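Please find my notes on the model below. They are set out as numbered points.

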Amino acid sequence: YGDSKEHFNDLKKEFEGDFDILTLNGFFNLSDGNYSWGKVGYKEETNTWFDEKDGRYSTYKLRDYFKEERREIILIGVSQGATIGYSLAINYPKTFKSLVAINGYAQKGLMINVYHPIYSGYRILRINGKNDFLINQNMVKTTTKILDSLDIENKIIEHQEHHSYSKKKLLLLKIGYTI
């Protein structure tokens, strides 16, 4: 929320040569070259941030964007992008091979098509800050429950940072966890 694909150029450099990298802007233009995947606003009763209507819109648009892609797609999403990543990965596991979710959570209202026997062998790497002021520990626990109920293999790496990520943690993708 509030970034552009250029924000992730340094991250792209870490994986060039290993993968073909595609970064995308969110579908909602905020201003000054910043984008989002939808409106946000914390709802205490559901412990969620993401507007479900906008989240579903972005999920469907991205699904359609990648519909004809025949290569294995690994999603990497940060914050709001991680929440959309969960929605794509869980709803469309045949299209998206796996997910690396950084400081995001699985929002139950975005799980619209979750009955897939293909989850066997599916993997999700989760990187969350223990002191994240946006993605609280209840959201992290709820995500674990959702993934476990679907029998999706997932590993969580927690760091001491807040709602951020470090290149050092992301390098674990290359050396410590195969997706």
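Is F66 buried or exposed?

1. The model is a predicted one. In it, F66 has a relative accessibility of 12% and therefore counts as buried, the cut-off for that label being under 20%.

2. The protein chain holds 6 aromatic pairs. In one of them, the ring centres of F66 and F96 lie 5.7 Å apart with the planes at 80°, so this pair is edge-to-face.

3. Other rings form a group. F27, F28, W37 and Y57 are joined by ring pairs into a cluster.

4. On the overall layout, the protein chain contains 6 helices and 8 strands. Their order along the sequence is α-β-β-β-β-α-β-α-β-β-α-β-α-α.

5. An open sheet is built from 4 strands, ordered β5-β6-β7-β8, with parallel pairing. Its edges are β5 (73-78) and β8 (153-159), each of which pairs on one side only. On average, neighbouring strands in this sheet are turned by 15° against each other, direction ignored.

6. Within the sheet, the parallel pairing of β5 with β6 runs over 6 bridges. G77 stands opposite A101 of β6. Helix α3 (residues 80-91) packs on this sheet and touches β5, β6 and β7 (123-129). The direction of α3 makes about 145° with that of β5.

7. Helix α4 (residues 137-149) lies across β7 and β8, and its course is at about 170° to β7.

8. Some totals for the protein chain follow. Of its 179 residues, 43% count as buried. The accessible surface amounts to about 9900 Å², and carbon and sulfur atoms hold 49% of that area.

9. Which residues account for 70% of the contacts with a separation of 6 or more? In the protein chain, that share falls to residues 24 or more positions apart.

Terms used. Residues are numbered from 1 along each chain as its sequence is written. This is a predicted model: local features need pLDDT of at least 70, side-chain atom pairs count only at pLDDT 80 or more; totals for chains, interfaces and linings use all residues. Side-chain values use heavy atoms; hydrogens and water are left out. Helices (H or I, at least four residues) and strands (E, at least two) are DSSP runs, numbered from the N terminus. Buried means under 20% relative accessible area, exposed over 50%, partly exposed in between (1.4 Å probe, protein chains only). Contact means heavy atoms within 4.5 Å. Accessible areas come from the Shrake-Rupley method with a 1.4 Å probe; for residues, only the protein chains shown count as cover. Rings of Phe, Tyr and Trp (its six-membered ring) pair if their centres lie within 6.5 Å; planes under 30 degrees apart count as stacked, over 60 as edge-to-face and the rest as tilted. Two strands pair if DSSP finds at least two bridges between them. Axes are lines fitted to C-alpha atoms, for helices over the stretch in contact, and angles run from 0 to 180 degrees between N-to-C directions.
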